[in-house]
Amino acid sequence: MVNLERLYSDRAGKMRKSVIRELLKVAQDPEIISFAGGLPNPRSFPIEGLKDIINYVMKHHGKVALQYGTTQGLKELREQLAERAYKDGMKDVTEDNIIIMSGSQQALDTVGKIFLNPGDTAIVELPSYLGGINAFRSYESNLEGVPLDKDGMQVDILEDTIKQLLKDDITPKFIYVVPTFQNPAGVVMSENRRKKLVDIASEYDLIVIEDDPYGKLTYDIDHVKPIKSFDDEGRVIYMSTFSKILAPGFRLAWTVASEELTRKMVLCKQALDLCTNTFTQFIASEFIRQGNLDLHILKICDMYRPKRDIMMKAMEKYFPDGYECNKPKGGMFAWVTLPEGIDTEVMFLDAIKNKVAYVHGKAFYVNGGGARSMRLNFSYASNDRIEEGMKRLGKVIEEKLAAVTA
Ligand code: PMP
Ligand code: G9A
């Protein structure tokens with residue numbers, strides 16, 4: 001037998017399982033109603049339209065679409081995304097500022113790889129996206145958390161945190177935020193805070209990582225300007241993905257960054273996977289060229305808005321008094337905090353017995369907080385199953401509360 005422990009790097013030893021990825025197995029049990037994974041609804045996939053596009057790509061671009069591509073990605077797709085970024089308010093963006101990534105997850109890993117030495121510190125939100133936390137931790141970094149409220153990261157606390165770190169002789173490398181329809185908390189960072197965040201980053205000479213998979217999934221409010229649109233100094237790395245607006249199976253995402261940062265990330269990606277899936281890049285590009293993407297996003301919003309509403313109504317109907325949940329104005333998640341005495345990680349076992357799943361709050365906190373909270377995804381389940389799942393969950397919470405207060 002090989003003694004692998006002796007051979008593994010320190011890095012490998014520190015890698016942790018992703019609760020979300022583990023829970024995907026649970027979601028595969030058809031009896032369990034899953035509010036756990038951040039999965040798009042499979043009925044939203046434009047399967048028929050994509051069949052035609054795939055045929056078109058094969059006919060017109062087959063020889064290139066099945067070949068290796070450049071590491072930075074298909075030029076036509078980068079041009080299209082640069083144009084969309086410009087429309088979203090990002091200045092001076094051309095295809096040279098864009099990299100097509102194999103999912104935003106790869107972009108997060110790349111950020112970790114280019115900025116974090118073992119022992120370095122990065123700042124994340126409390127709560128924060130688990131995949132980001134895991135990617136940064138795999139580079140043996142320390143993560144410092146700054147709490148959110150209903151307007152996103154509390155930037156005054158951010159500044160105090162940075163000052164305290166500097167006092168302790170620690171220079172944080174970057175600030176990672178999911179500012180729009182946050183995963184997991186569902187909140188939107190206000191425009192004032194977005195501007196203040198860029199000012200703080202400038203004052204302390206830090207990078208901001210703006211992770212924006214959900215910005216286009218907006219149900220009651222207009223689009224919010226990305227943080228990157230307030231960046232005049234090339235210190236914001238913006239990333240978004242086709243996972244939530246087309247299909248996560250494509251594994252397609254993109255970054256918008258200064259040319260210098262783009263060159264460094266491309267270098268990093270050369271070692272990661274040579275290039276992103278060329279075939280799906282052609283499909284996505286053709287989907288955009290034929291004018292389908294924005295219409296498709298509208299359809300997704302029309303599908304998810306009522307799901308959000310059904311979940312919120314069912315919460316009022318079935319959950320015992322004392323919980324807190326702000327109605328999310330977009331995205332895919334509701335964040336619920338339950339009364340004192342409940343630990344959602346412990347309660348999860350009861351939930352599974354009752355055939356309903358969620359992600360417990362602690363998974364998203366780098367400081368051990370979140371024990372009373374849970375994240376509920378409303379995009380994946382059918383409308384009927386959302387209602388039924390919330391009923392089951394309400395019963396689980398009620399029984400737990402009764403046991404706690406007994
Ligand atoms: N960032 C956030 C905030 C996410 O929610 C997700 C997916 N749930 C990702 C990154 C990863 O997305 P992708 O499929 O593009 O790798
Ligand atoms: O399946 C994944 O890992 C992507 C979803 C992320 C999430 O649930 O936050």
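Mentor: Let's start with Gln 281, which counts as buried because its relative accessibility is 2% (buried is under 20% relative accessible area, exposed over 50%, partly exposed in between, with a 1.4 Å probe and protein chains only). Before going further, keep in mind that this is a predicted model, in which local features need pLDDT of at least 70 and side-chain atom pairs 80 or more, while totals for chains, interfaces and linings use all residues. Residues are numbered from 1 along each chain as written, chains are lettered from A and ligands numbered from 1 in written order, and side-chain values use heavy atoms, without hydrogens or water.

Gln 281 belongs to helix H11 (helices, H or I, have at least four residues and strands, E, at least two; both are DSSP runs numbered from the N terminus). Its side chain reaches the backbone oxygen of Thr 276 at 3.1 Å. That is a polar contact, a pair of N or O atoms within 3.5 Å; within protein, one must be able to donate a hydrogen and the other to accept it, and sequence neighbours count only if both atoms are side-chain atoms.

Stay in H11 for a moment, because Glu 286, also in this helix, is buried too, at 5% relative accessibility. Glu 286 meets the side chain of Arg 289 in a salt bridge, 2.6 Å from N to O (a side-chain nitrogen of Lys or Arg within 4 Å of a carboxyl oxygen of Asp or Glu). The two residues lie three apart in H11, which spans 278-289, and that spacing is about one turn of the helix. Arg 289, in contrast, is exposed, because its relative accessible area is 52%.

Salt bridges turn up elsewhere as well: the whole structure has 31 of them. Side chains of opposite charge can pair when their charged atoms come close. Lys 362 and Asp 343 form one, their closest N and O atoms being 3.2 Å apart. This pair links distant parts of the chain, 19 residues apart: Lys 362 is in the loop between strands E12 (359-360) and E13 (373-377), and Asp 343 is in the loop between strand E10 (333-337) and helix H13 (344-353). Both partners count as partly exposed, Lys 362 because its relative accessibility is 26% and Asp 343 because its value is 23%. Elsewhere, Asp 220, Arg 308, Asp 309 and Lys 327 are joined into one network by salt bridges that share partners. Another bridge brings together the side chains of Asp 151 and Lys 150, at 3.3 Å from N to O; here Asp 151 is partly exposed at 27%, whereas Lys 150 is exposed at 55%.

Five bridges join E10 to E13, and Met 374 in E13 is the bridge partner of Val 336.

Arg 375 is one of the residues around ligand 2, along with Ile 20, Arg 21, Leu 24, Gly 37, Gly 38, Tyr 129 and Asn 183 (a heavy atom within 4 Å counts as near). H3 gives the most to this shell, with three residues. Oxygen atoms of ligand 2 lie 2.6 Å from an N or O atom in the side chain of Arg 21, 2.6 Å from a polar backbone atom of Gly 38 and 2.8 Å from an N or O atom in the side chain of Asn 183. Taken alone, ligand 2 exposes 280 Å², and the protein buries 86% of that (Shrake-Rupley areas with a 1.4 Å probe; for residues, only the protein chains shown count as cover).

Asn 183 also touches ligand 1, with a side-chain N or O atom 2.8 Å from one of its oxygen atoms. On its own ligand 1 has 400 Å² of accessible area, of which the protein covers 92%. In total 13 residues surround ligand 1, and Asp 211, Thr 241 and Ser 243 are among the closest.

Terms used
Pairing = 2+ DSSP bridges.
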